[in-house]
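This briefing is intended to be read beside the sequence and the structure.

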Amino acid sequence: MKAPRIPRVLLVEDEPGDTRLMQLAMKNSGFQLELHCVGDGHEAIEYLTRLGQMSQNTAHPDLILLDLKMPGQSGLETLRAIKQMDNLRVIPVVVVTTSGLEADVVAAYRLGAAGYVAKPADLNEFMEAMRLLGTYWFRLVRLPDRTE
Amino acid sequence: MKTESQPFVILLAEDEPADAHLVRVAFSASRLLVDLHHVVDGREALEFLRRQGARFADALRPNLILLDLNMPRLDGRECLTAIKQDEALRDIPVVILTTSEVERDVVASYNLGAAGYVTKPMDIQQFITIIHQLGDYWINLVRLPQPT
């Protein structure tokens, strides 16, 4: 049985405009989320590990949405770091990026990404993309319980 | 960038004939252009993926793997482990499709690199819905490595 709960999502994205757009898209599609935003890979790791140390039970995100092109630590490095940590590896990471490079796609899956979404430039297409993404992760699949 | 005209190749590893039939029926009903291949346990799945034996000599590389957990000979967990440890296969996303509701199985699957965990519904209508949602995400939304 799926316990009803509000999914917690960590968005790693350096463009504030894109962050706002994501919030809007999720709300528009009727997904109730607890969305936390950080601006780069270092902040993401900091956020994730501090939570882990402070308390085992106050919860990691259920899902991580990761941009690839960010200042400092790149998205792929961040993905690798997350998947190398025993207590974080369980969290699915979906790449959401403007990069359409095949090398990035292959690298992301090899590092353990659970999806690679090329951000559509068109607003309506972006909204639809986020609806499909939300339907899969928040309606269809079962995610690990946050508190075990 | 997606090659819309080529069928999307799915490998289904499922030991229960009735469930495999349901998946096939649901994909037909969805009208997604899917080339579904079915094997009955984890060992066969690996043989298919590695093109071992005369039967699988011409096997296609799947875009997506749907993997049952409880199967004879080699179960889903072991099969998933082997896929993710195989350099040539690890970039293929694997979605668990199972009747198991056990939290331990959910956590283990994500830790081993599953890109989703879907519990099999009881009736055909729900089956069609979940296959639709799976297709929306993996076929219509995300970008996958191009076949080489």
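The points below are grouped by topic.

The model is predicted. In chain B, 5 strands form an open sheet in the order β2-β1-β3-β4-β5, with parallel pairing. For chain A, too, the order is β2-β1-β3-β4-β5, in an open sheet of 5 strands with parallel pairing. Chains A and B meet in a contact to which chain A gives 28 residues and chain B gives 27 residues.

**Contact between chains A and B**

- The contact takes 28 residues from chain A and 27 residues from chain B.
- On the side of chain A that touches chain B, α4 (102-110), β5 (116-118) and α5 (123-140) of chain A each supply at least two residues.
- The element that gives the most to this side of chain A is α5(A), with 7 residues.
- By residue class, the side of chain A that touches chain B divides into 17 nonpolar, 4 polar and 7 charged residues.

**Sheet of chain A**

- The sheet of chain A is open, and its 5 strands pair in the parallel sense in the order β2-β1-β3-β4-β5.
- At the edges stand β2 (34-38) and β5 of chain A; each has a single partner strand, so one side of each is left without a neighbour in the sheet.
- From one strand to the next, the twist in this sheet averages 20°.
- Strand β4 (residues 93-97) of chain A is joined to β5(A) by 3 bridges, in the parallel sense.
- Within this pairing, A:Val96 lies opposite A:Val117 of β5(A).

**Sheet of chain B**

- The open sheet of chain B has 5 strands, paired in parallel in the order β2-β1-β3-β4-β5.
- The edge positions belong to β2 (34-39) and β5 (117-119) of chain B, each of which has a single partner strand, so one side of each lacks a neighbour in the sheet.
- Strand β4 (residues 94-98) of chain B runs parallel to β5(B), and 3 bridges join the two; B:Ile96 has B:Tyr117 in β5(B) as its bridge partner.
- Strand β1(B) is largely enclosed by the rest of the structure, because 5 of its 6 residues are buried.
- Between β1(B) and β2(B), which run parallel, there are 6 bridges, and B:Ala13 stands opposite B:Val39 in β2(B).
- Strand β1(B) is also joined by 4 bridges to strand β3 (residues 64-67) of chain B, again in parallel; B:Leu11 has B:Ile65 in β3(B) as its bridge partner.

**Helix α1 of chain B**

- A right-handed β-α-β unit is made by β1(B), α1(B) and β2(B).
- Helix α1 (residues 17-30) of chain B packs against helix α5 (residues 124-141) of chain B at an angle of about 65°, and their axes are 9 Å apart.
- The crossing of α1(B) with α5(B) is right-handed.
- From α1(B), the residues that meet α5(B) are B:Leu22, B:Val23, B:Val25, B:Ala26, B:Phe27, B:Ala29 and B:Ser30.
- Their counterparts in α5(B) are B:Ile124, B:Phe127, B:Ile128, B:Ile131, B:His132 and B:Gly135.
- The residues of this helix contact divide into 10 nonpolar, 3 polar and no charged.

**Helix α2 of chain B**

- Helix α2 (residues 42-49) of chain B is mostly covered, with 6 of its 8 residues buried.
- Its buried residues are B:Gly42, B:Glu44, B:Ala45, B:Leu46, B:Phe48 and B:Leu49.
- These buried residues of α2(B) pack against β1, β2 and α3 (76-85) of chain B.
- After α2(B) comes B:Arg51, with a positive phi near 55°.

**Loop residues of chain B with positive phi**

- B:Arg31, in the loop between α1 and β2 of chain B, has a positive phi near 60° although this residue is not a glycine.
- B:Arg31 counts as exposed because 9 other C-beta atoms lie within 10 Å, and the cut-off for exposed is 12 or fewer.
- B:Arg73, in the loop between β3 and α3 of chain B, has a positive phi of about 65° and is likewise not a glycine.
- B:Arg73 is exposed because it has 12 C-beta neighbours inside 10 Å.

Conventions
Residues are numbered from 1 along each chain as its sequence is written. Chains are lettered from A and ligands numbered from 1 in the order in which they are written. This is a predicted model: local features need pLDDT of at least 70, side-chain atom pairs count only at pLDDT 80 or more; totals for chains, interfaces and linings use all residues. Two residues are in contact if their C-beta atoms, placed from the backbone, lie within 7 Å. Ala, Val, Leu, Ile, Met, Phe, Trp, Tyr, Cys and Pro count as nonpolar, Asp, Glu, Lys and Arg as charged, and the others, Gly among them, as polar. Axes are lines fitted to C-alpha atoms, for helices over the stretch in contact, and angles run from 0 to 180 degrees between N-to-C directions. A crossing is left-handed if the near helix is turned anticlockwise from the far one by less than a right angle, and right-handed if clockwise. Two strands pair if DSSP finds at least two bridges between them. A residue is buried if 20 or more other C-beta atoms lie within 10 Å of its own, exposed if 12 or fewer, and partly exposed in between; C-beta atoms are placed from the backbone. A crossover is right-handed if, with the strands pointing away from the viewer, the path from the first strand over the helix to the second runs clockwise.
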